[in-house]
Amino acid sequence: MTLRFVGIDPNTGGEGSPTVWVEEESADLILQGEEADALLKALVGSTEWVAGHKTGIPAHERVIRIPARMAPILREACNAAERAAAEHRDVR
């Protein structure tokens, strides 16, 4: 597994901080962020966001919060993921 570092919260203080990577082989976005508080998790888990889709947060998933100031970093990560996916498709 190879991770391409894309960016970290520009307001980080040196300890745990929202961070974004792209996993090269799968082109998946990998996000580190603050786990959502109980109120946000309850809202996410109890709302039927797509008709017919089960509500709840599966045990293997987490809701995280990424600051809006990281939008440019997420855009860059999305672009990098698209490039990695295209490169991966070309190899097959």
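Buried residues make up 23% of the 92 residues in the chain. Buried means under 20% relative accessible area, exposed means over 50%, and partly exposed lies in between (1.4 Å probe, protein chains only). The model is predicted: local features need pLDDT of at least 70, side-chain atom pairs count only at pLDDT 80 or more, and totals for chains, interfaces and linings use all residues. Residues are numbered from 1 along each chain as its sequence is written, and side-chain values use heavy atoms, with hydrogens and water left out.

The chain contains two helices and five strands. From the N terminus, their order is β-β-β-β-α-β-α. Helices (H or I, at least four residues) and strands (E, at least two) are DSSP runs, numbered from the N terminus. The radius of gyration is 16 Å, whereas a compact globule of 92 residues would have a value near 12 Å. This radius is taken over C-alpha atoms, and the globule rule is 2.2 Å times the number of residues to the power 0.38. The C-alpha trace spans about 40 × 40 × 20 Å along its principal axes.

Contacts were assigned to heavy atoms within 4.5 Å. Of the contacts with a separation of 6 or more, 48% join residues 24 or more positions apart. The chain exposes about 6,700 Å². Carbon and sulfur atoms supply 55% of that area. Accessible areas come from the Shrake-Rupley method with a 1.4 Å probe; for residues, only the protein chains shown count as cover.

The chain carries 10 positive and 15 negative charges, and their mean positions are 3 Å apart. Lys and Arg count as positive and Asp and Glu as negative, while His and the chain ends are not counted. Each charge is placed at NZ of Lys, CZ of Arg, CG of Asp or CD of Glu.

Aspartate 9 lies in the loop between strand S1 (3–8) and strand S2 (19–23). Aspartate 9 counts as buried because its relative accessibility is 4%. Its side chain reaches the backbone nitrogen of asparagine 11 at 2.9 Å. Beyond residues up to four places away in sequence, aspartate 9 touches Ser17, Pro18, Pro67, Arg69 and Met70.

Glutamate 23 belongs to strand S2. Its relative accessible area is 9%, so glutamate 23 is buried. The glutamate 23 side chain makes a polar contact with the side chain of serine 26, at 2.4 Å. A polar contact is a pair of N or O atoms within 3.5 Å; within protein, one must be able to donate a hydrogen and the other to accept it, and residues adjacent in sequence count only if both atoms are side-chain atoms. With neighbours within four places in sequence left aside, glutamate 23 is in contact with Met1, Thr2, Leu3, Asp28 and Ile30.

Alanine 27 is found in the loop between S2 and strand S3 (29–32). Although not a glycine, alanine 27 has a positive phi of about 65°. Alanine 27 counts as buried because its relative accessibility is 11%.

Leucine 31 sits in strand S3. Its relative accessible area is 39%, so leucine 31 is partly exposed. Leucine 31 and threonine 19 are twelve residues apart in sequence and 5.9 Å apart in space, C-alpha to C-alpha. Threonine 19 is also among the contacts of leucine 31, together with Val20, Trp21, Ile64 and Leu74, not counting residues up to four places away in sequence.

Glutamate 34 lies in strand S4 (residues 34–35). It is exposed because its relative accessible area is 55%. Glutamate 34 and proline 67 are 33 residues apart in sequence, with a C-alpha to C-alpha distance of 9.3 Å.

Lysine 54 is placed in the loop between helix H1 (38–46) and strand S5 (64–65). With a relative accessible area of 72%, lysine 54 is exposed. Lysine 54 and threonine 19 are 35 residues apart in sequence and 29 Å apart in space, C-alpha to C-alpha.

Alanine 71 lies in helix H2 (residues 71–91). Alanine 71 counts as partly exposed, at 27% relative accessibility. Ten residues in sequence separate alanine 71 from alanine 81, and their C-alpha atoms are 15 Å apart.
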